[in-house]
Amino acid sequence: MVSRLKPAVFAAGLLPLAWLIYGAFTDRLGANPIEYITHLTGDWALRFLLLSLAVTPLRRLFGWNRLINYRRMLGLFAFFYAALHLSTWIGLDHAFDWPRLWADVRKRPYITAGMVAFSCLLPLAITSTRGWIRRLGKRWTTLHRLAYLAALAAVVHYWWLVKADVRGPGWYALALAVLLGVRLVFALRGRAAAAGPRRNAQAA
């Protein structure tokens, strides 16, 4: 079942890119195509990142264990669209003008937040292979908690970018808050379950 669905999930992940290519050839990217591409790739990077973070809570809450097979793919799509988002800003928006790019990073806090998000996603993408999972062992799980920091920085990036109308980033912030809340509940339950046997042993 998983092997049959994976190609469909992969194809669905490429739909935003397919739309961009189609829009570029049919002049459907609006009056400011670079801005359109920047926003669309950024939106989908954050959406895929939040979807990847939702896999474990959904699996634990509803027993949908097969979802774990799609988490890496969703995370890599998040990195893919984040890389497109960054590349659009560097190549199309600023034409590889490095002094201007560096000045923007220092001057605009929302760009700094975006850089933090991408810097967190980069090592996660590099270490997403089975070989890295074996080499890192338990440290792999610790490292991949950076995904939450990446999501938080991405939401802040979006929030600071829009400034006035925060309804868009507000929904992403709410989704992230729910995911973090569920993770906190699971962590507290795990600690309580581990502390129970220790208290019983001490009482005995």
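Leaving aside its neighbours within four places in sequence, which residues is tryptophan 160 in contact with? They are Pro109, Tyr110 and Ala113, where contact means heavy atoms within 4.5 Å. Keep in mind that this is a predicted model, in which local features need pLDDT of at least 70, side-chain atom pairs count only at pLDDT 80 or more, and totals for chains, interfaces and linings use all residues. Residues are numbered from 1 along each chain as its sequence is written, and side-chain values use heavy atoms, with hydrogens and water left out.

Let us stay with tryptophan 160 for a moment. You will find tryptophan 160 in helix α9; helices here are DSSP runs (H or I, at least four residues), as are strands (E, at least two), numbered from the N terminus. Tryptophan 160 is partly exposed because its relative accessibility is 44%; buried means under 20% relative accessible area, exposed over 50%, and partly exposed in between (1.4 Å probe, protein chains only). Glycine 42 is 118 residues away from tryptophan 160 along the chain, and their C-alpha atoms are separated by 14 Å.

Helix α9 (residues 146–162) also meets helix α3 (residues 33–62): their axes come within 10 Å and cross at roughly 145°. Axes are lines fitted to C-alpha atoms, for helices over the stretch in contact, and angles run from 0 to 180 degrees between N-to-C directions. The crossing of α3 and α9 is left-handed, a label used if the near helix is turned anticlockwise from the far one by less than a right angle, with right-handed used if clockwise. On the α3 side the contact includes His39, Asp43 and Leu46, and on the α9 side Ala147, Tyr148 and Leu161 are among the residues involved. By class, the residues of this contact are twelve nonpolar, one polar and one charged. Here Ala, Val, Leu, Ile, Met, Phe, Trp, Tyr, Cys and Pro count as nonpolar, Asp, Glu, Lys and Arg as charged, and the others, Gly among them, as polar.

Now look for the rings. The whole structure holds eleven aromatic pairs. Rings of Phe, Tyr and Trp (its six-membered ring) pair if their centres lie within 6.5 Å; planes under 30 degrees apart count as stacked, over 60 as edge-to-face and the rest as tilted. Phenylalanine 48 and phenylalanine 77 make a stacked pair, 5.3 Å centre to centre with 25° between the planes. This pair links distant parts of the chain, with phenylalanine 48 in helix α3 and phenylalanine 77 in helix α4 (residues 68–93), 29 residues apart. Phenylalanine 48 is buried at a relative accessible area of 6%, and phenylalanine 77 is buried at 6%.

Phenylalanine 80 and tyrosine 81 form an edge-to-face pair, because their ring centres are 5.0 Å apart and their planes stand at 70°. Phenylalanine 80 is partly exposed at 31%, whereas tyrosine 81 is buried at 0%. One aromatic cluster brings together Phe10, Trp44, Phe48, Phe77, Phe80 and Tyr81.

Finally, two loops are worth a visit. Most residues other than glycine have a negative phi. Aspartate 27 has a positive phi, near 60°, and is found in the loop between α2 (15–26) and α3. Aspartate 27 counts as exposed because its relative accessibility is 70%. Phenylalanine 96 also has a positive phi, of about 60°, and its place is in the loop between α4 and α5 (98–107). Phenylalanine 96 is exposed, with a relative accessible area of 52%.
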